[in-house]
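Hi there,

Here is the structure I promised to pass on to you. Have a look at it first, and then read my notes below.

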Amino acid sequence: VELPKVLELSRRQNVAIKISGACTLSKAGYPFPDIWDPLARIFDAWGIDRCLWGTDWTRAFAVVDYEEAVKCFRLTDRLTEDERATLMGGACSRAYNWAP
């Protein structure tokens, strides 16, 4: 229901989106295969450079194991290595002009 609104917001070039809690929306369990088609729509609309990964751990821990929430993004073949690096830290570093 909310995905069309999220996709609509992508037209605003001065914003980024946090990709967090995605695993909690899965109805399939680890490795959460049903999250990838909606995520692909978000990545396509927003561009991976404006997507910032997070676990939403303050809410997610009741539904999903932290290791699995991270592992499903680290080990998926739905992201290239460059996309993974961007999503899981690179875009955030650029958005906040921060270097570790």
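**Aromatic rings**

Trp36, Trp53 and Phe73 are joined into a cluster by ring pairs. Please keep in mind as you read that this is a predicted model.

Counting the aromatic pairs gives five. One of them is formed by tyrosine 30 and phenylalanine 32. In general, a pair of aromatic rings is described by the distance of the centres and the angle of the planes. For tyrosine 30 and phenylalanine 32, the values are 5.7 Å centre to centre and 85° between the planes, and the pair is edge-to-face. Phenylalanine 32 is buried because its relative accessible area is 4%, which is under 20%. Tyrosine 30 counts as partly exposed, with 34% relative accessibility.

Which residues make the nonpolar surface patch? They are Trp57, Phe61 and Tyr66, and the patch covers about 320 Å². Tryptophan 57 sits in helix H3, which runs over residues 57-60. At 30% relative accessibility, tryptophan 57 counts as partly exposed.

**The largest pocket**

At least two lining residues come from each of helix H1 (3-9), strand S1 (17-20) and helix H2 (36-46). Strand S1 gives the most to this lining, with four residues.

Enjoy exploring!

Best wishes

Definitions and conventions
Residues are numbered from 1 along each chain as its sequence is written. This is a predicted model: local features need pLDDT of at least 70, side-chain atom pairs count only at pLDDT 80 or more; totals for chains, interfaces and linings use all residues. Side-chain values use heavy atoms; hydrogens and water are left out. Patches are made of residues with over 30% relative accessible area and no salt bridge: like charges are joined within 9 Å, nonpolar side chains (Val, Leu, Ile, Met, Phe, Trp, Tyr) within 5 Å. Accessible areas come from the Shrake-Rupley method with a 1.4 Å probe; for residues, only the protein chains shown count as cover. A salt bridge is a side-chain nitrogen of Lys or Arg within 4 Å of a carboxyl oxygen of Asp or Glu. Buried means under 20% relative accessible area, exposed over 50%, partly exposed in between (1.4 Å probe, protein chains only). Rings of Phe, Tyr and Trp (its six-membered ring) pair if their centres lie within 6.5 Å; planes under 30 degrees apart count as stacked, over 60 as edge-to-face and the rest as tilted.
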